Amino acid sequence: MKSFACREAPRLLSRSTAAQRAPIAAYTTRWEHGQRRGFRSSQARLAVKPYLLADIGEGITECQVIQWFVKPGARVEQFDPICEVQSDKASVEITSRFDGVIKKLYYEPDDMAKVGKPLVDIDIQSEISAADEALLNGSSDMGPAEEATKTTEQQEQDLELGRNDTKAIAEDVTSSAQPTLLPREPSTNQPKPQRQLGKHASLATPAVRGMLKDLKLHIEDIEGTGKEGRVLKEDVQRHAQAAKHALNSTSTPATLAAASSQQVEDRIHALTPVQSGMFKQMTKSLSIPHFLFTDSIDFSSLTQLRKRYNVNREKSERITPLPIIIKAVSLALQHFPLLNAHLDTTTNPAKPQLLIKGGHNIGVAVDSPSGLLVPVIKNVQNHSIGSLAQEIMRLADLARAGKLTSADLSGATFTLSNIGSIGGSAVAPVIVTPQVGILGIGRAKVVPAFGENGELVKREECVFSWSADHRVIDGAYVAKAAEEVRKSIEGVESMLVKLR
């Protein structure tokens with residue numbers, strides 16, 4: 001049987017070859033006459049689809065476009081950054097979920113983009129998962145009939161173009177990038193050396209961009225002193241003052257007289273995303289009846305401990321009063337847990353309830369270039385004073401660079417406002433819903449005081465201002481918690497004994 005199969009194989013192959021030769025020849029003839037047949041693995045490939053701005057959490061419905069990393073005609077791959085947006089909490093980089101070519105940008109820099117609305121149009125040139133295809137098809141406003149018509153037209157266009165569509169895109173990009181050469185006129189003046197710009201010289205926070213708009217300045221003209229050349233508010237103010245001084249020094253008396261007679265016009269200043277978030281949050285806080293309690297704390301023991309610890313240490317390793325205060329507050333919250341709670345008035349408005357939090361997630365208000373931000377230190381009860389100092393430094397650096405994420409700014413159960421780092425002795429801090437308490441820390445200063453035997457001594461004091469939601473927290477409860485914090489700070493050694 002084996003030898004028979006070997007002898008019969010050539011005859012069988014020749015029959016099959018002869019039977020198949022005619023249709024292959026006919027197909028080859030049709031191909032040579034220009035009739036092409038396109039094969040596609042998926043209808044979603046090479047489809048121009050709107051890429052929506054996804055939900056970035058915390059109930060945010062809109063955000064400001066800071067800068068674009070792409071332009072129409074640019075090719076992107078999956079996870080490539082498309083743009084940077086600034087919400088009322090943090091700046092976020094939006095990345096691409098597909099490989100393809102950017103066709104259209106829906107917003108200009110500084111425009112407000114809506115969550116769930118198109119951000120860019122992208123010519124998708126990669127496989128699309130079922131979930132992504134359902135999301136893209138669901139985002140369209142057209143009916144089923146219009147979608148079918150558009151899909152048919154897209155298929156016909158693909159059959160006509162074949163593989164030339166990618167080439168056409170490349171030719172358009174290449175032709176647009178070709179500069180037009182014109183003869184130069186002879187110049188007698190020496191060109192001025194251009195200023196070397198930093199890596200992020202054209203980047204700025206929304207607050208800085210608002211100042212630039214108000215002052216009618218260009219960011220390229222300002223030398224940034226921030227990280228990698230980023231322009232800060234102080235840089236804009238310094239540039240404006242220098243320009244004003246130069247104008248005053250070159251102005252004639254007639255010019256000054258004319259300028260003084262001109263009327264100063266009012267300006268409309270749109271709220272930045274951070275200001276918009278603060279407006280919404282403080283509007284909610286108006287419904288809270290605040291109970292204010294202040295107490296003076298003796299910082300003498302704390303200061304002596306810090307001086308002994310900071311001797312011969314690097315600047316990054318030194319301890320400030322803030323991590324010690326945060327740890328003292330955390331120890332007090334263990335004995336007074338009602339201050340570490342959220343007030344729930346939405347689940348059952350007729351019966352509000354307190355959700356007492358197990359972890360001490362303490363937010364620390366920070367004055368950043370973009371405005372007031374409150375990064376959150378998670379699980380303070382598990383931190384040492386040294387690790388708290390490192391975490392505060394990390395969050396402060398991110399806040400100044402505008403790189404705080406939504407996770408860094410959410411989940412606070414209690415808040416500290418260290419207004420003393422700027423100035424002022426006492427403050428009436430405003431509670432942030434759904435929290436029920438907040439502590440304001442003033443500036444420590446040396447004051448005259450009487451010692452144990454009536455002698456006059458110098459004492460370093462700091463005013464602590466407590467605010468509590470008087471609907472659920474009474475004054476005696478706050479006073480007892482404040483007293484516990486005072487004992488921990490004035491007797492730092494006894495507080496260290498309580499640490500785990």
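The model is predicted, so local features are taken only at pLDDT of at least 70 and side-chain atom pairs only at pLDDT 80 or more, while totals for chains, interfaces and linings use all residues. Residues are numbered from 1 along each chain as its sequence is written, and side-chain values use heavy atoms, with hydrogens and water left out.

Start with the overall picture. The protein has 13 helices and 18 strands; these are DSSP runs numbered from the N terminus (helices H or I, at least four residues; strands E, at least two). Of its 500 residues, 35% are buried, where buried means under 20% relative accessible area, exposed over 50%, and partly exposed in between (1.4 Å probe, protein chains only). Among contacts (heavy atoms within 4.5 Å) with a separation of 6 or more, 63% join residues 24 or more positions apart.

On to the cores. A nonpolar core is a set of buried Ala, Val, Leu, Ile, Met, Phe, Trp, Tyr and Cys residues joined through side-chain atoms within 4.5 Å. The largest one holds 50 residues, and those with the most contacts inside it are Ile326, Val329, Leu416, Phe464, Trp466 and Ile489. Elements that each supply at least two residues to this core include helix 10 (321-335), helix 11 (385-401), strand 18 (456-469) and helix 12 (475-490). Helix 10 gives the largest share of this core, nine residues. Leaving aside residues up to four places away in sequence, Ile326 touches Ile362, Val364, Ile377, Val380, Leu388, Ile392 and Leu416. A second, separate core of 20 residues includes Val65, Trp68, Val70 and Val85.

A cavity is a set of points, on a 1 Å grid over the protein atoms alone, where a 1.4 Å probe fits but cannot get out; lining residues have an atom within 4 Å of a point. Grid points are joined across faces, edges and corners, and a volume is the space filled by probe spheres set on the points. Two cavities of 30 Å³ or more turn up in a search of the whole structure. The largest has about 70 Å³ of space, and its lining includes Ile66, Glu84, Gln86, Ser91, Pro206, Arg230 and Lys403. The second largest cavity comes in at about 50 Å³. It is lined by 10 residues, of which Gln86, Ser91, Ser370, Leu373 and Gly402 are the closest to its centre.

Helix 5 (residues 206-215) is largely enclosed by the rest of the structure, because seven of its 10 residues are buried. Those buried residues are Pro206, Ala207, Val208, Arg209, Gly210, Met211 and Leu212. Lys216 follows helix 5 and has a positive phi, near 55°. In helix 9 (residues 300-310), the buried residues are Ser301, Leu302, Thr303 and Asn310, and their cover includes helix 10, strand 18, helix 12 and helix 13.

Most residues other than glycine have a negative phi, and most peptide bonds are trans. Asn312, in the loop between helix 9 and helix 10, has a positive phi near 60° and is exposed, with a relative accessible area of 79%. Asp110 also has a positive phi, about 80°, and sits in the loop between strand 6 (100-105) and strand 7 (112-114); at 17% relative accessibility, Asp110 counts as buried. The peptide bond from Thr433 to Pro434 is cis, with omega near 5°, and Pro434 lies in the loop between strand 15 and strand 16.

Two more residues round out the picture. Met282, in helix 8 (residues 273-285), is partly exposed at 30% relative accessibility. Not counting residues up to four places away in sequence, Met282 touches Val430 and Val432; Met282 and Val430 are 148 residues apart in sequence, with 7.8 Å from C-alpha to C-alpha. Asn361 is buried, with a relative accessible area of 15%, and lies in the loop between strand 11 (353-356) and strand 12.

How values were computed:
1 Å grid on protein atoms, 1.4 Å probe; cavity = no way out; pocket = protein on both sides within 12 Å on 5 of 7 lines; lining within 4 Å.
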